[in-house]
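Work through the exercises below with the model open. Each task is followed by its solution.

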Amino acid sequence: MPVNPSPLTAMNVSLISCHSCHQLSKVAPSDKNRAVFCSRCGARLHSRKPNSIGRTWALVIAAFIFYIPANVLPITKVVSFGKAQSDTIMSGVIYFVKSGSWPIALVIFVASVFVPLLKLFLLSFLLISVQRKSQWRPKDRTRFYRITEAVGRWSMTDIYVVTILVALVKLGSLATIEAGPGAIFFAGVVIITIFAAMSFDPRLIWDAQESNNER
Amino acid sequence: MGRYTKFIIACHECDLLHQSQSLPVGGTARCVRCGAALYRHRPNSLDRVLALTVAGLILFIIANIYPFLTFRIEAQIQETNLMTGIIELYHQGMWIVAGVVLITTILMPLLQLTGMLFILVPLKFQRRPWKLALLFRTVRSFRPWGMTEVFMIGILVAGVKLVKMASIIPGTALYAFMILIFVLAASAVALDPHIVWKELD
């Protein structure tokens with residue numbers, strides 16, 4: 001793909017694209033440090049998402065920290081005939097593998113273990129590459145960003161499984177299922193990574209492209 | 001300057017400027033640099049979304065009133081609806097998790113459907129909807145938080161987990177909820193947001 005040394009971006013011609021309704025607005029240089037709002041839909045205008053790298057890093061690190069208790073602490077506690085058994089996410093996966101329902105084991109493993117990690121590593125990679133003004137395959141990196149945006153929601157599966165188990169299995173002394181503390185941290189990981197993907201601005205990938213070409 | 005910028009659109013993923021062009025039916029305009037979808041041509045967009053929104057609200061009500069899943073183990077029967085798990089989590093002190101589930105499976109779909117109804121019904125009768133800009137902006141920002149389709153996978157996994165110890169009987173609400181997922185997806189595909197924004201010009 002031929003690279004245009006100074007591509008015609010909205011920023012290069014002092015326009016701001018509204019992140020909500022996509023209307024382009026002209027911004028005077030005197031408005032640089034003032035809050036400007038879209039004349040059509042009223043959303044706050046930003047040429048780039050504010051403090052994108054700092055915010056995204058903070059959220060990614062927070063999610064990495066939450067990921068540990070989410071996996072170590074039990075997500076469910078089954079009380080059956082007075083005996084209690086706690087399950088973590090991984091022990092649930094192992095249970096399904098042992099009982100032969102490996103497609104379900106795969107679904108839980110991918111949604112609860114693999115996807116959050118993939119998302120966190122991809123976002124870290126994107127952040128580092130933007131900070132180093134990397135020239136490496138901007139189009140593919142934009143695609144990585146789209147992946148992080150699309151897959152995050154599927155991690156919520158395990159939280160929903162717990163919700164349904166808790167609702168159904170309330171059989172008094174026979175068997176009850178309670179949510180464990182791992183569920184709180186796990187829900188935290190999912191929510192925080194969704195906010196992290198939202199706060200990252202893919203246009204930074206392309207801005208770095210330009211600044212290097214000018215040198 | 002507004003006269004010129006009306007026909008120009010910046011890619012929301014790489015900021016490159018493009019000239020808007022009319023598209024064939026069902027066509028998508030993509031950014032030449034990064035490949036992001038810029039805008040799509042959606043035939044009868046607003047009528048379709050209105051029809052799907054009304055259908056969605058009816059399904060939503062059914063999904064919340066009727067029994068969702070019934071769990072039977074010998075003589076014991078445990079009937080649940082959509083809210084049961086959320087209430088149970090709350091009673092167990094897991095109010096954060098209960099809140100997350102409530103927002104992503106019930107509140108967000110409801111707010112999106114009613115928000116679109118408040119926008120589309122007046123537009124259908126050529127009236128300016130009340131606080132259109134704020135309302136549509138809010139409804140659009142809710143999109144990532146409605147997770148009904150993920151909830152369906154959760155039901156499937158929980159079903160497989162419990163099927164060995166008891167029988168699980170799907171209720172009316174479950175069927176309504178499954179159709180609701182498709183209706184929500186179809187209305188997301190059918191909507192051309194630029195038509196609504198142009199109402200504000």
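**Exercise 1.** Determine how H2(A) passes H3(A), and which residues make the contact.

*Solution.* The crossing of H2(A) over H3(A) is left-handed (the near helix is turned anticlockwise from the far one by less than a right angle). From H2(A), the contact uses Ile89(A), Gly92(A), Val93(A), Phe96(A) and Val97(A). H3(A) supplies Trp102(A), Ile104(A), Ala105(A), Ile108(A), Phe109(A), Ser112(A) and Val113(A). Contact requires C-beta atoms, placed from the backbone, within 7 Å. By class, these residues are 10 nonpolar, 2 polar and no charged. The model is predicted: local features need pLDDT of at least 70, side-chain atom pairs count only at pLDDT 80 or more, and totals for chains, interfaces and linings use all residues. Residues are numbered from 1 along each chain as its sequence is written, while chains are lettered from A and ligands numbered from 1 in the order in which they are written.

**Exercise 2.** Find the angle between helix H2 and helix H3 of chain A, and classify it.

*Solution.* Take H2 (residues 89–98) and H3 (residues 102–131) of chain A. They pack at about 160 degrees, with axes 7 Å apart. H2(A) and H3(A) are therefore roughly antiparallel (angles over 145 degrees).

**Exercise 3.** Describe the hairpin of S3(A) and S4(A).

*Solution.* S3 (residues 76–80) of chain A runs antiparallel to S4(A), joined by 5 bridges. Ser80(A) faces Lys83(A) across the pair. The hairpin has 2 residues between its strands, and Phe81(A) takes a positive phi near 50 degrees.

Definitions and conventions: Axes fitted to C-alpha atoms, helices over the stretch in contact; angles between N-to-C directions. Helix = DSSP H or I, 4+ residues; strand = E, 2+ residues; numbered from the N terminus. Parallel < 35°, antiparallel > 145°, perpendicular 65-115°, else oblique. Contact = placed C-beta atoms within 7 Å. Nonpolar A, V, L, I, M, F, W, Y, C, P; charged D, E, K, R; others polar. Pairing = 2+ DSSP bridges.
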